[in-house]
Amino acid sequence: MMRVLMVCLGNICRSPLAEGLLKSKLDPNKVFVDSAGTSNYHVNDAPDKRSIAIARKHNLDISQQRGRQFEVKDFDRFDLIYVMDNSNYKDIVKLARTNQDKKKVHLILNELFVDENADVPDPYYGGDHGFQHVYSLLDEATDEIIKKINKDS
Ligand code: 4NP
């Protein structure tokens, strides 16, 4: 069983969408998908209402997800750790115990825009448009992840 973790800062806006999108495209018996935040700001919180709304608009229900903070043990639990931006990357790589841990961490948009090291913009302080943009980016990035996983398995 392959295990994939999506990570952002709060685990309420971007990574819940990434988790929901990837889950919706995969066989749950073959791939386990989860998400976490680098911060503890929203532990046990439901996703942001605007993320729930944009997902629902695309027939995806993420309302049952709850926030949790990334922990070092996640390096053992997951094969692939996708972070949403460069700040998340720095925070997670800081926690890596070994080079093997570090090698699991990838910027999710590098799947789409190879080697550009682009960020999924944090939509938290913006308007609804930002959430549609984030949804579209993550929809395309998760399509690329699927291609890779299906090729490898
Ligand atoms: P996320 O967005 O990292 O995509 O979940 C944020 C959510 C909450 C906060 C920051 C970013 N916050 O500062 O509470």
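Me: How far is the backbone N or O atom of isoleucine 12 from an oxygen atom of the ligand?
Reply: In this predicted model, where local features need pLDDT of at least 70, side-chain atom pairs count only at pLDDT 80 or more, and totals for chains, interfaces and linings use all residues, the distance is 3.0 Å. Numbering runs from 1 along each chain as its sequence is written, and side-chain values use heavy atoms, leaving out hydrogens and water.

Me: What about asparagine 11 and cysteine 13?
Reply: A backbone N or O atom of asparagine 11 sits 3.3 Å from a ligand oxygen, and a polar backbone atom of cysteine 13 is 2.9 Å from one. Polar contacts here are pairs of N or O atoms within 3.5 Å.

Me: And how much of the ligand does the protein bury?
Reply: The protein buries 92% of the 350 Å² that the ligand exposes when taken alone (Shrake-Rupley areas, 1.4 Å probe).

Me: Nice. Which residues surround the ligand?
Reply: Cys8, Leu9, Gly10, Asn11, Ile12, Cys13 and Arg14 are among them, along with Tyr41, His42, Asp122, Tyr124 and Tyr125.

Me: Switching topic: what volume does the largest pocket have?
Reply: About 150 Å³. A pocket is an open set of points on a 1 Å grid over the protein atoms alone, where a 1.4 Å probe fits, with protein on both sides within 12 Å along at least five of seven lines; the volume is the space filled by probe spheres set on those points.

Me: Which residues line the largest pocket?
Reply: Tyr89, Val105, His106, Leu107, Asn110, Glu111, Val114, Asp115, Asn117 and Lys148, each with an atom within 4 Å of a point.

Me: And by class?
Reply: The lining of the largest pocket has 4 nonpolar, 3 polar and 3 charged residues.

Conventions. A residue is near a molecule or strand if one of its heavy atoms lies within 4 Å of it. A polar contact is a pair of N or O atoms within 3.5 Å; within protein, one must be able to donate a hydrogen and the other to accept it, and residues adjacent in sequence count only if both atoms are side-chain atoms. Ala, Val, Leu, Ile, Met, Phe, Trp, Tyr, Cys and Pro count as nonpolar, Asp, Glu, Lys and Arg as charged, and the others, Gly among them, as polar.
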